[in-house]
Each structure stands twice: as structure tokens, then as C-alpha cells.
Amino acid sequence: MEKIRITGLQKTFQSASQEIHALQEINLTIAEVEFVCLLGPSGCGKSTLLNAIAGFIEASAGEVVVDGRMVDAPGPDRGVVFQEYALFPWMTVSRNVAFGLEIKGLTRGDIEERVGALLHTLNLWEFRDRFPKDLSGGMKQRVAIARVLAIDSPIMLMDEPFGALDALTRRSLQDELLRIRREFCKTIVFVTHSIEEAIYLADRIVVMTYRPGTIKFEQQVALPHPRDPAGAEFNELKRTLGGLVMEEHDRHARDEIRGEG
Amino acid sequence: MFQVRVIVRGTAVPLLTLLLWEGICRAGLVSAIILPAPSAVVLRWVEWLLSGELLVDTLGSLTRVSLGFLLGAGLALPLGLFMGASPKVYEYFNPLVQVLRPIPPIAWIPMSILWFGLGNPPAIFLIAIGAFFPVLMNTIAGVRNVDGIYLRAARNLGAGNTVIFRRVILPAATPYIFAGMRIGIGTAFIVVIVSEMIAVNNGLGYRILEAREYMWSDKIIAGMITIGLLGLAIDIGMNAINNHLLRWHRGMDS
């Protein structure tokens, strides 16, 4: 079952001196409940691609189709988890999670029940009355995930969600995400620049090139979960993908030295 | 231990100043009209308090500050929200605001008397002007500086424009708005003293000017100190309200 179809997508940004081709001729189809990682060095347009699926930016050409409908605005059918968490700091944890449900117009009782269940699932119950500033980074990201789960979007778009976390917190949230994905049957598009993270999580890894952002390579990952980052197959994949990502990284670095980065 | 040391340090300089001041006056080095002794100031203050006049003056000044501030901030807040949220409204109003803003409230005194005569109306008008601009400028800045990521997150969760304005932009702007109100009430308090010197016949500002006509220096200083303490009390009160309403924001880096 096809969930997201991207055809001929292009995005050009106009900077003072030049045109930047962030995305060029992107063609990608993502199946229902597939977990796809967009992998690449910074500046390769992977976040731009995610933002186009989310409806935050308008494509210069081409289109993104979700469930047969063209994307032209953000919407609760595609929940976004941001690297910077983007929790509303003036709301407590439970108000943050309830926000999307209040907009949907659910009754107070339904909201409380749903929020309570999610907070329990994500081990956030005892923090429900805290404000975001009093939470650790990992905790904040759990709240952000709960906020998206609350509105029950079939698609979750995650923009380097664990990039700012320490290694241990990161691993435990990755495991939690895999569990959530099994339990809630989500289609997930996950942006990362960590090769290991991509192999650990994804069904399919899409490696992107640095400017213009195109799809360089696609890799299915068939290893069973839980995956062992020390295993032979894991490391074989890591070596292959590492070489590809490094090529793009070097192009980026050369551009930066020339002052175009 | 640490607390005690801080208190000792904090009281040493004021106490020494008072002692020196009292000593100079007792020694007869300056005339009591130029500089009355602190003891005389305290006695005068107690006398003023017991006569009941102090309470009337303080209440008079506070009422004017409150009414003027409510009027000024009450007009500035909606205008600031509109100007901050809509570039078009901003373009319409900004030039006028920029021209009027640098005019000190004091410069409005002559026109305010011509327009409103004497008594409370011109005083409240001047205080309102004093409070208006700080609240306006900060409200505009607060709305304009809402981090785009909150707007993205809200839209993503299905929020429309009304919900975003009410539940995202407004709360995100409150730290700025409150900072503006704090500046505004400070300005209002300065303006109330000045306006009482010209237009009305009670209030702390009126009382110290009246005292000057009789050369009651001790009462002038007693009045000044009362004004200082009242200003401090207002600021502490505002701060307490801020801290409570913005408890989500305390200690946040942005």
C-alpha cells in the first residue's frame, strides 16, 4: 500500500548571490507502515524534503501526494517531531499533549483519558504538571512524540529528533520509537546524519547528495529487530553507506572552503 | 552565615550615611532649610502620617497611577497586538508611533491643560501617555519575535489562525508584554509626581511642592522617601505577579 508519493520534486532557494538547488528531481514512494530514513550530510536537503512532506514549504516544481491527496499545507495527518522539540513552554506536559486534541474538539473526558494513557505509555505520567523547561532533553522529546501520537497521525515525520541527545538517552529513545511504531503502526520518515542510527531503525535508507539534493542510493535493511550494532551484517552496511555519505560530506566541505557552503 | 554577611554589608553604608548626615546637621554645619537632620525628617513623617494627610496623598497618587496606567496600557495592548501580528497594520501606524514616541510625557503638559483644564483628567492623560509607549513597543516586539517553530508545531497539530493567535502568539509574547508593563508603570509613577505638581491639590507630588513654598525641607525629604518606597513597593508587586504568571519562563534561556 502506497502512503506517500513524491514525484519530480524540486526546491530552489534564492540567496543574495546565487540560486541554491536544495532539492532536484526527487522521486520517492513510501509504503504504509514503512520506516524510511533520509541520510546525508548537513546541507543535503534531507530536512527540506521532510518539510515539503510536512507542508511547511512550497515545492518549486513537482508534488508530494499523501493518501492520494496533494500536500499544500501542514496538517495533523502528518505529525512532525522537531529536533528542537518545539514544545510550547507556557503549557505543562499534559497541556502540550492535549493541544492537538482540544483543536479537534474532543470532550474534556476523552482528552483526559487519551492524554493519561499516552503519558503512562511513555513514562511521563509523573511529569504531567511540569513545564518543559524543567525536563531533560530526552524527556522533552518523549513529550513531543506523545503530542504527535495524541492526534493519531498515520504518518510521523521526524527531523533529527535525537540529534541533541547523549548516546544512552538516544539509544533508549530509538528502542522506544521502534516499540511505538509496532504498537501504533505508523509510517515514519526519519531524517538523520547518523549512519548507525539509520541502520538501527530503518526498513529502507535513502542516501541523499549534497547540492543539488538528489537521491544517491537506496538501501533496504532486512536485519531483524532488535539489531546488533556490533554484528557483522550491521557493520558491512555501515561500511557501504559510510563511503557514500563521506563522498557527499567531502563535497560539502570543499564548498565550504570555497566559501559557498 | 552567608545571609548574615550580606545583611551586614547591605546595611552598613546606609547606616553610616545616616549617622554622618545627622552628625553634620547636629554640629550646625548647614542650615536646617538646606539640609534637615534625618531625625527631623522622621518626626515630620510621623506627624504627616498621624494627621491622615499622608494616607490621602498616597491613595491619591496611587489612584492616578492606576487609572492612567490602565488607560494607557489598555489602549496600547490591543494596538500592539494588531501591529505585531499584521504587517499591514504596522505599516499604517508605525510612522505616527515613531514620531510621537520620543516626545516626553512632560512635553504634553501644556496641551493637556488646554484640553482638559486642571484636576485629575490632565494628570491621568499624562500618565496614560507615559505608560502607553513602553507597553506598545514591547507588545509589538513580543508578537513579532514569536519563534517560528511554535507556529509550525501549532499548524502541524491542526491549529487555525484564531487558535494560534490566542494560544501560541499571545502567551509567547507575554514575557515581552510584562516587561513593557513594568517599564510603563515605572514611567507612570514618574509622570504622576510631575503632573501632581501642576494640576491637582493632593498627592505626593503636590505635597512636596507645597512644602517647598513653606520651606519645610524636612517634609520635602519625607515626601521624597515616601515616593521612593511606594515606587519600590509597586515594582516588587509587579515582579511578584510576573514571576507567578511567567513561572514557565523563569530560568529559560530564550
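Modeller: The model is predicted. The part to look at is helix H2 of chain A, which runs over residues 93-104. Its buried residues are A:Val93, A:Ser94, A:Asn96, A:Val97, A:Ala98, A:Phe99, A:Gly100 and A:Leu101. An α-helix has 3.6 residues a turn, so residues three or four places apart point the same way. In H2(A), A:Val93, A:Asn96, A:Val97 and A:Gly100 are among the buried residues.

The cover over these buried residues comes from both chains. From chain A it includes helix H3 (108-121) and helix H4 (137-150). From chain B it includes helix H7 (148-156) and helix H8 (161-198). Just after H2(A), A:Gly105 has a positive phi of about 85°.

Now the chain around the helix. Chain A contains seven helices and 10 strands. Its radius of gyration is 19 Å, close to the 18 Å from the globule rule for 261 residues, so chain A is as compact as a globular protein of that length. The C-alpha trace of chain A spans about 55 × 45 × 40 Å along its principal axes. Of the 261 residues in chain A, 53% are buried. Among contacts in chain A with a separation of 6 or more, 70% are between residues 24 or more positions apart.

As for the surface, chain A exposes about 11400 Å², with 49% of it supplied by carbon and sulfur atoms. Chain A carries 31 positive and 38 negative side chains, and the centres of these two sets are 3 Å apart.

Methods:
Residues numbered from 1 in each chain as written. Chains lettered and ligands numbered in written order. Predicted model: local features only at pLDDT ≥ 70, side-chain atom pairs only at ≥ 80, totals over all residues. Heavy atoms only, no water. Buried < 20%, exposed > 50% of the residue type's maximum accessible area, 1.4 Å probe, protein only. Helix = DSSP H or I, 4+ residues; strand = E, 2+ residues; numbered from the N terminus. Contact = heavy atoms within 4.5 Å. Rg over C-alpha atoms; globule rule 2.2 N^0.38 Å. Areas by Shrake-Rupley, 256 points an atom, 1.4 Å probe, with all protein chains shown as cover. Lys, Arg positive; Asp, Glu negative; His and termini not counted. Charge placed at Lys NZ, Arg CZ, Asp CG, Glu CD.
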